[in-house]
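This briefing concerns the pockets and the salt bridges of one protein model. Please consult the sequence and the structure shown here alongside the points that follow.

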Amino acid sequence: MRLGVLDVGSNTVHLLVVDAHPGARPLPAHSHKAELRLAQLLDDSGAIDSDGIGKLVDVVHECLQAAEDKGVEDVLPFATSAVREASNADDVLARVREETGVELQVLTGAEEARLTFLAARRWFGWSAGKLLVLDIGGGSLEIAYGIDEEPDAAVSLPLGAGRLTAGWLPGDPPAPDSIRALRRHVRAQIARTVGEFTRFGTPDHVVATSKTFKQLARIAGAARSTEGLYVQRELKRESLEAWVPRLAGMTVAQRAELPGVSEGRAGQLLAGALVAEGAMDLFEVDKLEVCPWALREGVILRRLDHMGSV
């Protein structure tokens, strides 16, 4: 059947259309997305303002039309940290439901981590052994660890690249004091969780998902996206450590000129790099592999599993 996954994320609203059935890998058929930056539209009270909700409603309508045009039989709609943590989340969900008919499922941070872990496990298979999975979104950082399809540990931290950029890095480029303060904050947050994972032992394979990691790997020399999904893409900690000070001295426009960095994400790249560097350092990861599948694929796989068990 043809499924659509409607992902209302902190940076983008993304409809991914796939051809899928139980026991087979989902094949992408169409992608439709719009950058809303919901994580940066919160007012002083932590609410998404009326204008932001209106934009979200418009984009959901666009996605529904795209799904209909592509023959989608069922749409799986979900929202992540930007909506989850908005002080007016109930109002946002109600307005989307009333004006579009879409009932957004708000995932918890732990659910995000578990579903992303499932996608990575299916991509790499059982031979990858114990997996440590890192995912940097616009609003949060997810970390999961395990040897099965359900992780032994899964946490979500409020360390998304969009959130941190808006709250910690004013200026273009940001001041060194702001960068240092954010670096301390990131590492303190991650350090609190390290023991929860290290008690399970050293992972056999460390993988990362998300646009942030893909862009960091690309500027560090990984293959471009046009070379396909099956090319191995790695990010080494030493390469990342060399890039962080360079990114810190660049303007947003200069970062946007780097290979693989989109104009819309260039402003968040430094914050994302600080989170990636902190996670790799504190978890003592020398290198990781970038996984093409992430949360959206995890949602699809979980749905297919349920269909197959009926």
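Helices (H or I, at least four residues) and strands (E, at least two) are DSSP runs, numbered from the N terminus. The model is a predicted one, in which local features need pLDDT of at least 70, side-chain atom pairs count only at pLDDT 80 or more, and totals for chains, interfaces and linings use all residues. Residues are numbered from 1 along each chain as its sequence is written, and side-chain values use heavy atoms, with hydrogens and water left out.

**Largest pocket**

- A pocket is an open set of points on a 1 Å grid over the protein atoms alone, where a 1.4 Å probe fits and protein lies on both sides within 12 Å along at least five of seven lines; lining residues have an atom within 4 Å of a point.
- The largest pocket holds about 1400 Å³ of space, a volume being the space filled by probe spheres set on the points, which are joined across faces, edges and corners.
- Its lining comprises 50 residues, and Ser 210, Lys 211, Lys 214, Pro 292 and Arg 296 are the closest to the centre.
- Two or more lining residues come from each of strand S2 (12-19), strand S3 (27-35), helix H4 (109-124), strand S6 (131-136), helix H7 (211-219) and helix H12 (295-309).
- Helix H7 supplies the largest share of this lining, five residues.
- By type, the lining has 16 nonpolar, 19 polar and 15 charged residues (Ala, Val, Leu, Ile, Met, Phe, Trp, Tyr, Cys and Pro count as nonpolar, Asp, Glu, Lys and Arg as charged, and the others, Gly among them, as polar).

**Second largest pocket**

- About 300 Å³ of space lies in the second largest pocket.
- Its lining is made of 14 residues, with Gln 105, Leu 107, Leu 115, Val 299 and Arg 302 nearest the centre.
- Strand S4 (74-79), H4 and H12 each give two or more residues to the lining of this pocket, and H12 gives the most, with four residues.
- Six nonpolar, two polar and six charged residues make up the lining of the second largest pocket.

**Salt bridges**

- The structure holds 18 salt bridges, each defined as a side-chain nitrogen of Lys or Arg within 4 Å of a carboxyl oxygen of Asp or Glu.
- Glu 112 and Arg 84 form a salt bridge through their side chains (2.8 Å, N to O); Glu 112 lies in helix H4 and Arg 84 in helix H2 (residues 81-84), 28 residues apart.
- Glu 112 is buried, at 5% relative accessible area, whereas Arg 84 is partly exposed, at 23% (buried means under 20% relative accessible area, exposed over 50%, partly exposed in between, with a 1.4 Å probe and protein chains only).
- Arg 122 forms a salt bridge with Glu 149 (2.5 Å, N to O); Arg 122 belongs to helix H4, and Glu 149 to the loop between strand S7 (141-146) and strand S8 (153-157), 27 residues apart.
- Arg 122 also forms a salt bridge with Asp 305, the closest N and O atoms being 2.7 Å apart. Asp 305 is in helix H12 and Arg 122 in helix H4, so this pair ties together parts that are 183 residues apart in sequence.
- Arg 122 is partly exposed at 29% relative accessible area, as are Glu 149 at 25% and Asp 305 at 30%.
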